[in-house]
Amino acid sequence: MSESTIESILQEKRLFNPPAEFSQNAQIKSLEEYQQLYDRALADPEKFWAELADQELHWFQKWDKVLDWQPPSASWFVGGKINLSYNCLDRHLTTARKDKAALIWEGEPGDTRTLTYAELHQEVCQFANVLKKLGVQKGDRIGIYMPMIPEAAIAMLACTRIGAAHTVVFGGFSAESLRDRLVDGQARVVITADGGWRKDAIVPLKVQVDKALADGSAPSVESVVVVRRAGKDVDMQPGRDYWWHEINQGVSADCPAEPMDSEDLLFVLYTSGSTGKPKGVVHTTGGYNLYTHMTTKWIFDLQENDVYWCTADVGWITGHSYVVYGPLSNGATTLMYEGAPRASNPGCFWDVIEKHGVTILYTAPTAIRAFIKMGEELPNARNLSSLRLLGTVGEPINPEAWMWYHRVIGGERCPIVDTWWQTETGGIMITALPGAIPTKPGSATLPFPGIFADIVDLEGNSVPANEGGYLAVKYPWPGMMRTLYGDRDRFRRTYWEHIPPKDGQYTYFAGDGARKDEDGYFWVMGRVDDVINVAGHRLGTMEVESALVSHPAVAEAAVVGKPDELKGEEIVAFVTLEGSYNASEELSKELKQHVVKEIGAIARPGEIRFTDALPKTRSGKIMRRLLRNVASGQELTGDTSTLEDRGVLDKLREGA
Ligand code: WT7
């Protein structure tokens, strides 16, 4: 975020009350009702969650204990037996929802497909049996590297049906990134496609899978299932690779859901941290099911006839929780769109809304800013009157973008829920409830009932209103991550020790800077660690630096974020070269391409700055804070006395 955005957020005073007509029929109808829920949860969190778990979900067997909290390890609904796929599908089949659209899908070229609950159930059961046929067992891990097509959701639900854990890898990640994740998760099967549409071109997913598996570099992978989507020729390795439509042939669609322990591994999803390789965030079954169910129901105010569209890719947590599991657990109609705004159709979002009568739209500030730039004419040319609720996620939204979303897309009648959360939290944590909580542009407003969030200093003390501090959560919640895959120690260090535990009290450290205002509203400012948020996607500076240093020309690299009007932040890399290489425009291009090859297009640096040396402390630490100042052309802030060689910095600034 730019300084001016932060400035405008700090001065934001506008308040928007939920429209009366909206509140009347809403799940949660008033601020008082929200307050009562919040207070009830505060008085007895375990009772609060247990009652909801009982009312809202199907359990094969009830739990013995609601919460077992051995900090930082939480177990929810201990002893309970449940299946997420069952809650998303089977239980709706005995109701009128059986023939309701579960999934409406639209491909980028405009092809569409609708699956009712009965049909989706059938597809999921059949593919679950395919997985079994491939030898997959409860507890195994399965890689999913797919475009946004129904088979992605089918594959996920098939895994959870038989108790295999999926690891979905965003289709924009490189073969190298895919391989790292498959190896770390020891995946046995990879599910992919011959290609997927992305901005008028085809992403060759199967080619990337072949690269990731080449030379036995991911030896755990035994089979690859390939959906025919793009009609591209691909190499099929006999005995390893199977076409989805062929291996499905003649397979039974009878596959009862496996009763899982509430704490059984559900999925692993990798995300960037400030140091080292991406972290495998672990979510488990019962708590995740309940938390995504409740948040979807109350925050998106689901009504039986809604057509709900979350624009996230299933490769991210937003796609897991709010394209697939949350909506389906609630028996809603969820829309999945393969495309993205592109040169040939910049207004495609508005086409989709008009065509399918979308009532709820959940998207990202970076997308909204791009729409603003394209002009009002595009949305104005479409009938968006079906919309009744809007949401945003991924980064702080600047008030101007909020106002535009409210006016141009929401026709000034739709409440906006600005939802703060993380891969690690499983579901939305701080948000308005649209019929109950008045909104302020740029604020995520108040914590969800049962979430005890606060702004604290590094000792864990609450800071006064309107003072900046660290966003923290003071009590476990059902959707929280359970650990980092294979690295409990890093889990403890990263999330539970920044704020030292006091008297047995553990505080979850989110890694975001924020403040609360006089009304208790949260204003999230952004990451306080070395994580960069590019277009709502998380990248670790270390990851990008490692990618750069793996190029023979690069001696040393330091990567920082620079405010960007559209993407929120863009990557600037400061690079020193090995002796025999010279800085050139060509090399700069080559290095950017190298990062794309190593990580994926989302990590492409916007700018490479060649330099003779990097500013370091006397103990040899790169001073990224100063590089951030240089990158964005700002005055140097804070102390520079620990710099080893002030000249390095002066030179960098001259070169700016
Ligand atoms: C980080 C988490 C889970 C959502 C998608 C991103 C930032 C997310 C907001 C918001 C301000 C936000 C935070 C957070 N963030 N939503 N509404 N307002 N900041 O998930 O990749 O795990 O990233 O995204 O910095 O820590 P993620």
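A residue counts as buried if 20 or more other C-beta atoms lie within 10 Å of its own, as exposed if 12 or fewer do, and as partly exposed in between, with C-beta atoms placed from the backbone. By that rule, the buried residues of α14 are Pro365, Thr366, Ala367, Ile368, Arg369 and Phe371. This is a predicted model: local features need pLDDT of at least 70, side-chain atom pairs count only at pLDDT 80 or more, and totals for chains, interfaces and linings use all residues. Residues are numbered from 1 along each chain as its sequence is written. Helices (H or I, at least four residues) and strands (E, at least two) are DSSP runs, numbered from the N terminus.

**Confidence**

- The protein averages a pLDDT of 95, and 98% of the residues score at least 70. pLDDT is the predictor's confidence in each residue, from 0 to 100.
- ipTM is 0.99 and pTM is 0.94.

**Ligand shell**

- The ligand is surrounded by 22 residues. The closest are Trp420, Gln422, Thr423, Val524 and Arg538. A residue is near a molecule if its C-beta atom, placed from the backbone, lies within 6 Å of it.
- Two or more shell residues come from each of α12 (317-329), β20 (416-419), β24 (508-516) and β25 (522-527).
- Eight shell residues are nonpolar, nine are polar and five are charged. Here Ala, Val, Leu, Ile, Met, Phe, Trp, Tyr, Cys and Pro count as nonpolar, Asp, Glu, Lys and Arg as charged, and the others, Gly among them, as polar.

**Nonpolar core**

- The largest nonpolar core holds 198 residues. Such a core is a set of buried Ala, Val, Leu, Ile, Met, Phe, Trp, Tyr and Cys residues joined through C-beta atoms within 7 Å.
- Ala155, Met156, Ala158, Val544 and Ala573 have the most contacts inside this core. Helix α7 (residues 150-162) gives the largest share, nine residues.
- Beyond four places in sequence, Met156 is in contact with Ile144, His166, Val168, Val314 and Val324. Contact means that two C-beta atoms, placed from the backbone, lie within 7 Å.
- In soluble globular proteins, nonpolar side chains tend to be buried together.

**Helix α8**

- Helix α8 (residues 175-185) is mostly covered, with nine of its eleven residues buried. Among them are Arg179, Asp180, Arg181 and Asp184.
- The cover over its buried residues includes β6 (141-145), β7 (165-168), β8 (189-193), α9 (205-213), β14 (265-271) and β15 (279-284).
- Gln186 follows α8 and has a positive phi, near 50°.

**Helix α14 and Arg369**

- The buried residues of α14 pack against β18 (360-363), β19 (389-393), α16 (399-409) and β29. Just after this helix, Gly375 takes a positive phi of about 100°.
- Arg369 is found in α14 (residues 365-374). Arg369 counts as buried because it has 21 C-beta neighbours inside 10 Å.
- Arg369 and Ser252 are 117 residues apart in sequence, and their C-alpha atoms are 47 Å apart.

**Helix α18**

- Buried residues in helix α18 (residues 541-549) are Thr541, Glu543, Val544, Glu545, Ala547 and Leu548.
- They pack against β26 (531-534), β27 (537-540), β28 (554-564), β29 (568-577), α19 (585-598) and α20.

**Lys100**

- Lys100 is found in the loop between α5 (84-88) and β4 (101-106). Lys100 counts as partly exposed because it has 16 C-beta neighbours inside 10 Å.
- Lys100 touches Thr116, Tyr117 and Thr333, not counting residues up to four places away in sequence.
- Lys100 and Leu120 are 20 residues apart along the chain, and their C-alpha atoms are separated by 11 Å.

**UniProt annotations**

- UniProt positions use the numbering given here, feature names are shortened, and annotations may be inferred rather than shown by experiment.
- An unreviewed UniProt entry lists "domain: AMP-dependent synthetase/ligase" at residues 96-483. Over residues 96-483 the chain is 30% helix and 22% strand, and the end C-alpha atoms are 39 Å apart.
- UniProt (unreviewed entry) places "domain: AMP-binding enzyme C-terminal" at residues 543-621. Residues 543-621 are 27% helix and 32% strand, with end C-alpha atoms 17 Å apart.
- For "modified residue: N6-acetyllysine", UniProt (unreviewed entry) lists Lys621. Lys621 lies in the loop between β30 (607-610) and α20 (624-631). Lys621 counts as exposed because it has 11 C-beta neighbours inside 10 Å.
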